[in-house]
Amino acid sequence: TVSASPATGYRFDRWSGDASGTTANVTITMNSDKNVVAAFKKVYILTTSVNATGTGSISPQAGIYDEGVSLTLIASPATGYRFDHWEGDASGNTTATINMTANRNVIAFFKSLTP
């Protein structure tokens, strides 16, 4: 049995050569010389937050994403609020697109519809 253990900041992706599959453990029958290659992908962390609890939400959610993935961030206001703007690694006052080439932190700001 061969096990793939990614370093920090990576995830196991797949086996190639004389092994296949996408699970981190693979069993090889040693009936000849074998060449087994584990492929890993660089990942980054997306952290999301809103300026005040209950004012709205962000999609997609915070999580771990493969390097180079492009994410379109959508801010959804709760009833009685409107989306105002992004801060952190996103900007503007509409949907925002970020490229996961580093860890990213985005904050959505919502404002009350009533003063």
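Strands (E, at least two residues) and helices (H or I, at least four) are DSSP runs, numbered from the N terminus. This is a predicted model, in which local features need pLDDT of at least 70, side-chain atom pairs count only at pLDDT 80 or more, and totals for chains, interfaces and linings use all residues. Residues are numbered from 1 along each chain as its sequence is written, and side-chain values use heavy atoms, with hydrogens and water left out.

View 1. Along the sequence the pattern reads β-β-β-β-β-β-β-β-β-β. The radius of gyration is 21 Å, well over the 13 Å that the globule rule gives for 115 residues, so the chain is more spread out than a compact globule. That radius is taken over C-alpha atoms, and the rule is 2.2 Å times the number of residues to the power 0.38. The C-alpha trace spans about 75 × 20 × 20 Å along its principal axes. Of the 115 residues, 26% count as buried. Buried means under 20% relative accessible area, exposed means over 50%, and partly exposed lies in between (1.4 Å probe, protein chains only).

**View 2. The largest nonpolar core holds 16 residues.** Such a core is a set of buried Ala, Val, Leu, Ile, Met, Phe, Trp, Tyr and Cys residues joined through side-chain atoms within 4.5 Å. Leu-46, Leu-73, Trp-86, Ala-90, Ile-98, Met-100 and Ala-108 touch the most other members. Strands E4 (36–50), E7 (70–77), E8 (81–88), E9 (96–99) and E10 (104–112) each give two or more residues to this core. A second, separate core has six residues, including Phe-12, Trp-15, Val-26 and Ile-28.

**View 3. Leu-46 and its contacts.** Contact means heavy atoms within 4.5 Å. Not counting residues up to four places away in sequence, Leu-46 touches Leu-71, Leu-73, Ile-98, Met-100, Arg-104 and Val-106, among others. Its partners also include Pro-60, Gln-61, Ala-62, Gly-63 and Tyr-65.

**View 4. A cis peptide bond joins Ser-59 and Pro-60.** Omega is about 0° at this bond. Most peptide bonds are trans. Pro-60 sits in the loop between strand E5 (56–59) and strand E6 (63–66). Pro-60 is also one of the residues that Leu-46 touches.

**View 5. Ala-7 lies in the loop between strand E1 (2–3) and strand E2 (10–17).** Ala-7 is partly exposed, at 48% relative accessible area. Phe-40 is 33 residues away along the chain, yet the two C-alpha atoms are separated by 9.0 Å.

**View 6. Asp-33 occupies the loop between strand E3 (25–26) and E4.** Asp-33 counts as exposed, with 76% relative accessibility. Asp-18 is 15 residues away in sequence. In space, C-alpha to C-alpha, Asp-33 and Asp-18 are 9.4 Å apart.

**View 7. Asn-105 lies in strand E10.** Its relative accessibility is 32%, so Asn-105 counts as partly exposed. Leaving aside neighbours within four places in sequence, Asn-105 is in contact with Thr-47, Glu-87, Gly-88 and Asp-89. Ser-49 is 56 residues from Asn-105 in sequence. Their C-alpha atoms are 8.2 Å apart.
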